[in-house]
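This briefing goes through one structure by topic. Please look at the sequence and the structure first, then read the points below.

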Amino acid sequence: MISPVLFWFVAFITVIPALALIFSRRPVHVAMAVVLVMVGLAISYVALDAPFLGAVQIIVYTGAVMMLFLFTLMLVGVDKRESLKETITGQRWIALALAIGLGALLISVVSRLTFSVSERATVGEPTEVAGWLFGDYVLVVEVLGFLLITAAVGALVLTHVPRLFPKRTQAEIQAARIAAGADPVNKAFPGFYARHNALDAPALDPEGNPIEDSVSRVLRARNQTIDGSEFKDDNKARRRELGAKEDDA
Amino acid sequence: MSPVNFVYLASVLFAIGAAAVLLRRNAIVAFMGVELMLNAANLTLVAFSRMIGEINGQIMAFFVMVVAAAEVVVGLAIIIAVFRARQSISLDEPSELKG
């Protein structure tokens, strides 16, 4: 039989986090609390001789369904708070009374009945469950396959957004850039043709003058660049060696 | 301890889920309430399966899980579509759609 400690542990980690559904303001906290509820239910399935269902509960609910909820919360905005304005007066108290009444009704009905508990348990191991699923229930499994495909296609159709503007081709983007006055060719890479092949050294043009544009604007704003003047003098000397006239430089 | 206790636990969880659906305005939180109710029903199925000593209840709970997964996919897609159209996922606002 099931140990009372396990039952009360499961009851504790399912009922207390489940109350977050009613009292917690932030949807993300609610989602994490529901994850804990699902783990508690998985533990109870294993205790009730259904180890396969326990594993499926962890994989499907905590692993897939609740993460899908979290992704959706991320898409619609985590910080969206609920408005507490009541549109129907007294709706909150009526709803609470109905829910408590429902719980009391269910518990009283269950407590009035006597259940015979079988001593012999069929343990729901994967082989046993598979034998039933692909034996007696094989038609249901196939129908569920259709259902899952339909759901996936339905989700794609529902979240599909038609394009507002036709897609721009690469040629159109380039033409727009040129029309806006952009340089038709790439900027020179920093360090290119310079002595120091580094990001902070400007490239030198064929005349030996530094090209300011080749260094990142950020480095220039921080004054972290080498201005290239030291190369210039050196270059002059080199050119003199090669026999160029002084006034060329 | 008898598995009947898990039926009581499931009743409490079902009531909490129902309360969440009735009380909350945020569509996603209300949807999580629906999920909790489905899981409470699953817990009763598994508990009764243990009490009877047969596996059919567990198979049924497995089918409920598959249907719930499909339902969550479509439900969340609808919530995202509503959010795109109205910039809000409050359950009160669609009621203002009526002329």
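This is a predicted model: local features need pLDDT of at least 70, side-chain atom pairs count only at pLDDT 80 or more; totals for chains, interfaces and linings use all residues.

The side chain of A:Ser118 comes to 2.6 Å from the backbone oxygen of A:Arg120.

**Around A:Ser118**

- A:Ser118 sits in the loop between α4 and α5 of chain A.
- Its relative accessibility is 16%, so A:Ser118 counts as buried, the limit for that class being under 20%.
- Apart from neighbours within four places in sequence, A:Ser118 is in contact with B:Arg50, B:Met51, B:Ile52 and B:Gly53.

**A:Asp49 and the salt bridge**

- Which residues form the salt bridge with an N to O distance of 2.9 Å? The side chains of B:Arg50 and A:Asp49 do.
- Across the interface of chain A and chain B, the rule finds one salt bridge.
- A:Asp49 lies in the loop between α2 and α3 of chain A.
- With a relative accessible area of 22%, A:Asp49 is partly exposed.
- The phi angle of A:Asp49 is near 65°, which is a positive value in a residue other than glycine.
- Most residues other than glycine have a negative phi.

**The interface of chain A and chain B**

- The contact involves 86 residues of chain A and 68 residues of chain B.
- About 7,100 Å² is buried between chain A and chain B, and carbon and sulfur atoms give 77% of this area.
- In chain A, the residues that lose the most area to chain B are A:Leu21, A:Leu48 and A:Phe69, which together make up 10% of what that side buries.
- The size of an interface is often given as the accessible area lost when the parts come together.
- Between chain A and chain B, 14 residue pairs are in polar contact, counting pairs with both residues at pLDDT 80 or more.
- On the side of chain A that touches chain B, at least two residues each come from α1 (4-23), α2 (27-47), α3 (51-76), α4, α5 and α6 (138-159) of chain A.
- The largest share of that side, 14 residues, is supplied by α3(A).
- Sorted by class, the side of chain A that touches chain B holds 61 nonpolar, 15 polar and ten charged residues.

**Aromatic rings**

- How many aromatic pairs does a search of the whole structure find? Over all chains, the search finds eight.
- One pair is A:Phe7 with A:Trp8: the ring centres are 5.1 Å apart and the planes stand at 75°, so the pair is edge-to-face.
- A:Phe7 counts as buried at 5% relative accessibility, whereas A:Trp8 counts as exposed at 53%.
- Another pair is A:Phe115 with B:Phe48, where the centres are 5.5 Å apart and the planes are at 55°, so this pair is tilted.
- The pair of A:Phe115 and B:Phe48 crosses between chains. A:Phe115 is in the loop between α4 (91-112) and α5 (126-133) of chain A, and B:Phe48 is in helix α2 (residues 27-52) of chain B.
- A:Phe115 is partly exposed, at a relative accessible area of 27%, and B:Phe48 is partly exposed as well, at 30%.
- A cluster joined by ring pairs contains A:Phe52, A:Trp132, A:Tyr137, B:Phe62 and B:Phe63.

How values were computed:
Residues are numbered from 1 along each chain as its sequence is written. Chains are lettered from A and ligands numbered from 1 in the order in which they are written. Side-chain values use heavy atoms; hydrogens and water are left out. Rings of Phe, Tyr and Trp (its six-membered ring) pair if their centres lie within 6.5 Å; planes under 30 degrees apart count as stacked, over 60 as edge-to-face and the rest as tilted. Buried means under 20% relative accessible area, exposed over 50%, partly exposed in between (1.4 Å probe, protein chains only). Helices (H or I, at least four residues) and strands (E, at least two) are DSSP runs, numbered from the N terminus. Contact means heavy atoms within 4.5 Å. Buried area is the accessible area (1.4 Å probe) that two parts lose on being put together, summed over both. A salt bridge is a side-chain nitrogen of Lys or Arg within 4 Å of a carboxyl oxygen of Asp or Glu. A polar contact is a pair of N or O atoms within 3.5 Å; within protein, one must be able to donate a hydrogen and the other to accept it, and residues adjacent in sequence count only if both atoms are side-chain atoms. Ala, Val, Leu, Ile, Met, Phe, Trp, Tyr, Cys and Pro count as nonpolar, Asp, Glu, Lys and Arg as charged, and the others, Gly among them, as polar.
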